[in-house]
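The following note sets out points for a colleague who is reviewing this model. Please read the points alongside the sequence and the coordinates.

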Amino acid sequence: MKQYSYGRELRLLTPAQFQQVFNAPPVKAVTAELTMLATPNQLSHPRIGVTISKKRAKRAVDRNRIKRKIRENFRLKQHKIPAFDIIVIAKSGIVDLDSDALQQRLDYLWRTLSKRCMQYLSAASDSTSGS
């Protein structure tokens, strides 16, 4: 089995990095409980940032559990995701999901986001090479 790490280089760390994705994300994937926004980066790997407000998950225990699940899911799927900066935003109802339901939502979102990122990259390369 392959070993996948989740080091500093795979995270969005500064407010400026987050703002770059928030400004105009060309790729989105959405469910009722989660939203993923993505922008291409100039690196050879994807990076992730997770936001869960106190309004969505009152207890720190819940926020940390959800973030831990999202990061672990990303760690295992990072090899299938193109080089994009990704922000995962929790919405209302996220606390009500059990671990299996959260896992299913994340699997669906990663598949959708990966497919849309590839479509975006191919459309961007077609428009630059066609001119």
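**Notes on the sheet, the core and the aromatic pairs**

1. β1 and β2 run antiparallel and are joined by four bridges. Strands here are DSSP runs of E with at least two residues, helices are runs of H or I with at least four, and both are numbered from the N terminus; two strands pair if DSSP finds at least two bridges between them. A hairpin through three residues connects β1 to β2, and Lys28 is placed opposite Leu37 of β2.

2. On provenance, the model is predicted: local features require pLDDT of at least 70 and side-chain atom pairs pLDDT 80 or more, whereas totals for chains, interfaces and linings use all residues. Residues are numbered from 1 along each chain as its sequence is written, and side-chain values use heavy atoms, with hydrogens and water left out.

3. β2 also pairs with β4, in the antiparallel sense and over seven bridges. Within this pairing, Val88 of β4 is the bridge partner of Met36, and Thr35 stands opposite Ile89. Strands of a sheet pair through backbone hydrogen bonds, either parallel or antiparallel.

4. Taken together, four strands make an open sheet with mixed pairing, in the order β1-β2-β4-β3. The edges are held by β1 and β3, each of which has a single partner strand, so one side of each has no neighbour in the sheet. On average, neighbouring strands are turned by 15 degrees against each other, direction ignored. Axes are lines fitted to C-alpha atoms, for helices over the stretch in contact, and angles run from 0 to 180 degrees between N-to-C directions.

5. Burial is described by relative accessible area: under 20% is buried, over 50% is exposed, and values in between are partly exposed (1.4 Å probe, protein chains only). Six of the seven residues of β2 are buried, and the strand is thus mostly covered. β1 has a covered face formed by Val27 and Ala29, and an uncovered one formed by Lys28 and Val30. In a regular strand the side chains alternate between the two faces of the sheet.

6. Which residues of the largest nonpolar core touch the most other members? They are Leu34, Met36, Ile70, Ile86, Trp110 and Leu113, in a core of 27 residues. Such a core is a set of buried Ala, Val, Leu, Ile, Met, Phe, Trp, Tyr and Cys residues joined through side-chain atoms within 4.5 Å. Two or more residues come from each of β1 (27-30), β2 (34-40), β3 (47-51), α2 (60-77), β4 (84-90) and α3 (99-130). The greatest contribution is that of α3, with seven residues. Another core, of five residues, lies apart from this one and includes Leu12, Phe18, Val21 and Ile87.

7. α2 lies across β2, β3 and β4, and runs at about 165 degrees to β3. Ile70 belongs to this helix, α2, and is buried at a relative accessible area of 0%. Leaving aside neighbours within four places in sequence, Ile70 is in contact (heavy atoms within 4.5 Å) with Leu34, Ile48, Val50, Val88 and Leu106. Ile70 and Val50 are 20 residues apart in sequence, with a C-alpha to C-alpha distance of 7.9 Å. With the same exclusion of sequence neighbours, the contacts of Leu34 include Ala29, Ile70, Val88, Leu102 and Leu109.

8. Rings of Phe, Tyr and Trp (its six-membered ring) pair if their centres lie within 6.5 Å; planes under 30 degrees apart count as stacked, over 60 as edge-to-face and the rest as tilted. The count by this rule is two aromatic pairs. Phe74 and Trp110 have ring centres 5.7 Å apart and planes at 45 degrees, so the pair is tilted. Phe74 in helix α2 and Trp110 in helix α3 are 36 residues apart, and both are buried.

9. The rings of Phe84 and Tyr120 have centres 6.3 Å apart and planes at 75 degrees, so this pair is edge-to-face. Phe84 in strand β4 and Tyr120 in helix α3 are 36 residues apart, and the pair links distant parts of the chain. Phe84 is buried at 0% relative accessibility, whereas Tyr120 is partly exposed at 32%.
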